[in-house]
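Visitor: I have just opened this one and would like someone to walk me through it. Could we take it a piece at a time?

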Amino acid sequence: MVKVDWLKVLGLAKKNWKEITIIILLLTVIGKMRYDYKQLENAYEASQQSLQNQIDGLQEIHAEELERKEHALRTYREALDLLERQYEQERVEVEVVVEERIIEIETTIDNRRQFTENKEELAEQIIDTFGFQYAP
Amino acid sequence: MLLKILLFSMAAHAQTPQFAILGENEPAPFEGVLFNKRGIAELLVMPMEYRLQCDLEVEYQIDVQATEFELERQNFEIRLDALTQEYDLRIEQKDIEIAALQEAMLAQAPTRKWWWFAGGVVAGVGATYAAYRGFNERS
């Protein structure tokens, strides 16, 4: 067991009190600096964490946005395809209606003898349609 | 498909539209154009055909425009949603960051700052005095 002679220590401290004070002050300053540095590091980590969260969130939002836009575009293309098909079908229907009407007129001309006996009927139709003057 | 077959069969049996140009007294009261049965029938139907085609075209174009508009509207809505989410996220993260920084700042600032201030003044004065004494002793 080492016995400490406190009187000697006190004497030594008294003799070198300036050096001891400087060392204590130096240690205090270093401690404070380290503490401040740690606080700065914490603040930096908080900012970094916040930015990382923002990046992750933004990437997620962006991916979702792209997916929704893709879906909207797909729906638009499908709707356009459907419209195209309907348009084509209706165009054929119009052609059929027109052809039927032509045949109907031809049949009426034949049945009602509109080129020979009932010319007036056909003339009336032409006048109604085009507003031409009939000159028999 | 069925309609196309029907149309094809109707057209196959149809007479070709024909016309002739007649001069004066060339069995006609005046010079002009003579159409056969098919020709006059097609002419008589023409206004109706144009009307139907026009209606169809207008309807189709309106539908296309409406579809394009719907896509544009949806895109704007999606963008708005994304921007709102982005804004919320940024605000939320900034709030968290501010709270963390505030916490760090509060940890820096002592709660009994006047005591610390007084202690600092006393320590400063003491150190200055001690230094003064120390240097004086040496000289």
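Visitor: Which side chain does B:Glu97 join in a polar contact?
Guide: Keeping in mind that this is a predicted model, the side chain of B:Glu97 is joined to that of A:Ser50 by a polar contact of 3.0 Å.

Visitor: And what else does B:Glu97 touch?
Guide: Leaving aside residues up to four places away in sequence, B:Glu97 touches A:Ala46 and A:Ser47 as well as A:Ser50.

Visitor: Where does B:Glu97 sit, and is B:Glu97 buried or exposed?
Guide: B:Glu97 belongs to helix H2 of chain B, which covers residues 37-108, and with a relative accessibility of 11% B:Glu97 counts as buried, because the cut-off for buried is under 20%.

Visitor: Let's switch to chain A. How far apart are the end C-alpha atoms of helix H2 there?
Guide: They are 138 Å apart, and this agrees with the 141 Å that the 95 residues of that helix, residues 17-111, should span at 1.5 Å a residue.

Visitor: What follows H2(A)?
Guide: H2(A) is followed by A:Arg113, whose phi is positive, near 50°. A:Arg113 also forms a salt bridge with A:Glu117, in which the closest N and O atoms are 3.8 Å apart.

Visitor: Which residues do salt bridges with shared partners join into one network?
Guide: That network consists of A:Glu99, A:Glu106, B:Arg38 and B:Glu42.

Visitor: How many salt bridges turn up over all chains?
Guide: A search of the whole structure finds 17 salt bridges. One of the pairs is A:Glu65 with A:Lys69, whose closest N and O atoms are 3.6 Å apart, and another is A:Glu104 with A:Arg101, where the N to O distance is 2.9 Å.

Visitor: Why are A:Glu65 and A:Lys69 separated by about one helical turn?
Guide: Because these two residues are four residues apart in helix H2 of chain A, about one helical turn separates them. A:Glu65 counts as buried, at 7% relative accessibility, while A:Lys69 counts as partly exposed, at 28%.

Visitor: And how many residues apart are A:Glu104 and A:Arg101?
Guide: A:Glu104 and A:Arg101 are three residues apart in helix H2 of chain A, so about one helical turn lies between them.

Visitor: Which residues form a nonpolar patch on the surface?
Guide: A:Ile23, A:Leu26, A:Leu27 and A:Ile30 form that patch, and together they have about 400 Å² of accessible area. To take one of them, A:Leu26 has its place in helix H2 of chain A and is exposed, with a relative accessible area of 51%, which means that A:Leu26 passes the cut-off of over 50% for exposed.

Note on methods: Residues numbered from 1 in each chain as written. Chains lettered and ligands numbered in written order. Predicted model: local features only at pLDDT ≥ 70, side-chain atom pairs only at ≥ 80, totals over all residues. Heavy atoms only, no water. Expected span 1.5 Å × (residues − 1). Patch = residues over 30% accessible without salt bridge, like charges linked within 9 Å, V, L, I, M, F, W, Y side chains within 5 Å. Areas by Shrake-Rupley, 256 points an atom, 1.4 Å probe, with all protein chains shown as cover. Salt bridge = Lys/Arg side-chain N within 4 Å of Asp/Glu carboxyl O. Buried < 20%, exposed > 50% of the residue type's maximum accessible area, 1.4 Å probe, protein only. Polar contact = N/O pair within 3.5 Å; in protein donor to acceptor, adjacent residues only side chain to side chain. Contact = heavy atoms within 4.5 Å.
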